[in-house]
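Please keep the structure in view while working through the numbered paragraphs.

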Amino acid sequence: MNTQKNCWWFIVAQGQILLQPQGDLVPYGNLDDLPLTSALVANKIEIGEYQSSPCYLVELKEPRDVGFGEYDDLRALLGRVDDRLFDIAGRAFQLLLFYKTHQYCGQCGQKMQAIDWEVAMQCYPCKHRCYPRVSPCIIVGIRKENKILLALHRRHQKSNNQVFTVLAGFTEAGETLEHCVEREVFEESAIKITNIQYVTSQPWPFPHSLMMGYTADYLSGEIKIDPRELVSADWYDINDLPKLPNEGTLARKLINRMISQCD
Ligand SMILES: [Zn+2]
């Protein structure tokens with residue numbers, strides 16, 4: 001094992017990640033400088049590279065006190081570190097979930113094994129192979145002159161962080177992303193949109209989504225919400241906005257972009 005090189009250590013135990021109190025939050029250093037024994041990191045998995053240093057995932061059975069930092073939820077990193085570092089942390093969680101949920105073949109029931117040249121689980125008896133699941137979903141900011149459509153979602157209503165945000169939903173089998181944008185907007189708000197423009201994407205590891213962000217313009221219809229998904233939805237003047245999603249989220253990036261385009 002090369003213990004001389006500085007590495008990023010994504011140490012995960014029971015769904016939480018070990019974070020340092022300052023700096024980039026994710027522990028960085030060479031193995032000799034960190035209170036991690038070789039035995040502890042024997043099963044480390046390389047999951048990428050950040051700022052020219054390798055990134056390793058280490059799974060501990062329980063949140064062991066390693067002498068520095070504290071364990072916290074993955075969401076604690078969101079908006080507090082560089083987007084790329086957050087994405088690698090998300091990859092760590094997604095890979096752990098993948099290995100945990102693909103122990104047995106879905107086709108014949110035999111035990112599966114990790115293959116070592118790509119991230120996949122293989123059933124040798126029947127040749128079935130599985131890759132980490134990535135679930136595409138769309139998220140769309142909608143403009144109407146200098147107003148934007150924001151909704152209070154049911155999932156936010158229950159939390160103590162009641163933010164008003166843009167519309168989103170999962171892509172269905174056999175559907176283009178553009179069609180998904182139109183369908184989700186119509187299902188949730190009953191309005192029609194036009195000028196659908198792709199903006200950017202964001203892996204969303206809760207647990208394995210890939211959010212694809214769009215903006216669109218209002219075309220026609222009156223807002224009528226789907227009460228199974230939304231508590232309320234309305235047009236908000238960009239100079240008088242309610243509580244918005246945190247910086248770092250794709251939702252906020254789309255909202256910020258629409259605000260800047262209205263100026
Ligand atoms: Zn099989």
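**Notes on the structure**

1. Arg252 is buried, its relative accessible area being 17%, which falls under the 20% limit for that class. The model discussed here is a predicted one. Arg252 has a charged partner: its side chain meets that of Glu247 in a salt bridge, with 3.1 Å from N to O. Glu247, at 45% relative accessibility, counts as partly exposed.

2. Salt bridges that share partners also join residues into one network, made up of Glu172, Glu175, Arg183, Glu184 and Glu187. By the rule applied, the count of salt bridges comes to nine.

3. Arg183 belongs to helix α3 (residues 177-189), whereas Glu172 is in the loop between β13 (167-170) and α3, so the pair ties together parts that are eleven residues apart in sequence. Arg183 counts as buried because its relative accessibility is 13%. Glu172, by contrast, is partly exposed at 46%.

4. A further salt bridge links Asp226 and Arg228, whose closest N and O atoms are 3.2 Å apart.

5. The next point concerns the metal site. Which protein atoms are the donors of the zinc ion? They are the SG atoms of Cys105, Cys108, Cys123 and Cys126, lying 2.3 Å from the ion. Along the chain, these donors follow the spacing C-x2-C-x14-C-x2-C. Cys108 lies in the loop between α1 (83-101) and β7 (113-114), and Cys126 in the loop between β8 (121-122) and β9 (129-130), so this pair ties together parts that are 18 residues apart in sequence.

6. Why is the arrangement around the zinc ion called tetrahedral? The four donor atoms subtend angles of 101 to 116° around the ion, and this range makes the arrangement tetrahedral. For comparison, the ideal angle for four tetrahedral donors is 109.5 degrees. Regarding accessibility, Cys108 is partly exposed at 36%, and Cys126 is likewise partly exposed, at 24%.

7. The overall division of the protein is into domain 1 (7-95), domain 2 (102-133) and domain 3 (135-262). Taken over C-alpha atoms, the centres of domain 1 and domain 2 are separated by 26 Å.

8. Strand β10 (residues 135-144) deserves a separate paragraph. Eight of its ten residues are buried, and the strand is thus mostly covered. How many bridges join β10 to strand β15 (residues 209-220)? There are nine, and the two strands run parallel. In this pairing, Ser135 has Ser209 of β15 as its bridge partner.

9. Strand β10 also pairs with β13, in the antiparallel sense and over four bridges. Here the bridge partner of Ile139 is Ala168 in β13. Strand β11 (residues 147-153) is joined to β10 by two bridges, again in an antiparallel run, and Lys144 stands opposite Lys147 of β11. Strands β10 and β11 form a hairpin with two residues between them, and Glu145 in the turn has a positive phi of about 55°.

10. The last points concern backbone geometry. Most residues other than glycine have a negative phi, and most peptide bonds are trans. Leu25 has a positive phi, near 70°; this residue lies in the loop between β2 (16-19) and β3 (28-29) and is buried, with a relative accessible area of 4%. Lys127 has a positive phi near 70° and is placed in the loop between β8 and β9. Is Lys127 buried or exposed? Lys127 is exposed, with a relative accessible area of 61%.

11. What kind of peptide bond joins Phe206 and Pro207? The bond is cis, with omega at about 5°. Pro207 is found in the loop between β14 (192-204) and β15.

Note on methods. Residues numbered from 1 in each chain as written. Predicted model: local features only at pLDDT ≥ 70, side-chain atom pairs only at ≥ 80, totals over all residues. Heavy atoms only, no water. Donors = N, O, S within 2.8 Å, 3.2 Å for Na, K, Ca; no water. Tetrahedral: all angles 85-135°; square planar, octahedral: opposite > 155°, others 65-115°. Buried < 20%, exposed > 50% of the residue type's maximum accessible area, 1.4 Å probe, protein only. Domains from an automatic or database assignment. Salt bridge = Lys/Arg side-chain N within 4 Å of Asp/Glu carboxyl O. Pairing = 2+ DSSP bridges.
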